[in-house]
Amino acid sequence: ADAEVQWAAVDALTSLGVRAIRPLCQRLASADPAARRRAGWALAGIGRHTARPLCKIVADSTREPSTRQEAAAALGLLQDRRTTRILCRVLGDENSL
């Protein structure tokens, strides 16, 4: 039941659109892997407006790898060709995903 409530929250945040981007990006840094995953799904559900903030998170090698991984996964879900370059670039950095 708890998971159902959390997924309902994802749906609600997704419906808020661009207003939810900042808090969801902050949630990507959660210690809870399931919370990070839900935030990533919500961001992907919002669509192309999330590409820029997600790219910034992925490119920031000072962030926790788990945060960058969820941001990269969300970018992949967007299927936006504009994000391919940043995803390829981070594959080669020393703090690689």
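Is Asp-32 buried, partly exposed or exposed, and what is its relative accessible area? In this predicted model, Asp-32 has a relative accessible area of 33% and is therefore partly exposed; the views below begin with the salt bridge that Asp-32 forms.

**View 1. Salt bridge between Arg-38 and Asp-32.** The side chain of Arg-38 is joined to that of Asp-32 by a salt bridge in which the closest N and O atoms are 4.0 Å apart. Side chains of opposite charge can pair when their charged atoms come close. Arg-38 has a relative accessibility of 10% and so counts as buried, the cut-off for that class being under 20%, whereas Asp-32, at 33%, is partly exposed.

**View 2. Salt bridge between Asp-60 and Arg-63.** Here the closest N and O atoms of the salt bridge that Asp-60 forms with Arg-63 are 3.7 Å apart. Asp-60 counts as partly exposed because its relative accessibility is 26%, and Arg-63 is likewise partly exposed, with a relative accessible area of 34%.

**View 3. Salt bridge between Asp-80 and Arg-82.** The side chains of Asp-80 and Arg-82 meet in a salt bridge, with a distance of 2.5 Å from N to O. Asp-80, with a relative accessibility of 14%, counts as buried, while Arg-82 reaches 57% and therefore counts as exposed, a class that requires a relative accessible area over 50%. The count of salt bridges in the model comes to 3.

**View 4. Packing of helix α3 against helix α5.** Helix α3, made up of residues 33-46, packs with helix α5, made up of residues 65-78, at an angle of about 30°, and the axes of the two helices are 8 Å apart. Because angles under 35 degrees count as roughly parallel, this angle makes α3 roughly parallel to α5. The crossing in which α3 passes α5 is right-handed.

**View 5. Nonpolar surface patch of Trp-7, Trp-41 and Leu-77.** On the surface of the model, Trp-7, Trp-41 and Leu-77 form a nonpolar patch, and together these residues have about 310 Å² of accessible area.

Definitions and conventions: Residues numbered from 1 in each chain as written. Predicted model: local features only at pLDDT ≥ 70, side-chain atom pairs only at ≥ 80, totals over all residues. Heavy atoms only, no water. Patch = residues over 30% accessible without salt bridge, like charges linked within 9 Å, V, L, I, M, F, W, Y side chains within 5 Å. Areas by Shrake-Rupley, 256 points an atom, 1.4 Å probe, with all protein chains shown as cover. Helix = DSSP H or I, 4+ residues; strand = E, 2+ residues; numbered from the N terminus. Axes fitted to C-alpha atoms, helices over the stretch in contact; angles between N-to-C directions. Parallel < 35°, antiparallel > 145°, perpendicular 65-115°, else oblique. Left-handed = near helix turned anticlockwise from the far one by under 90°. Buried < 20%, exposed > 50% of the residue type's maximum accessible area, 1.4 Å probe, protein only.
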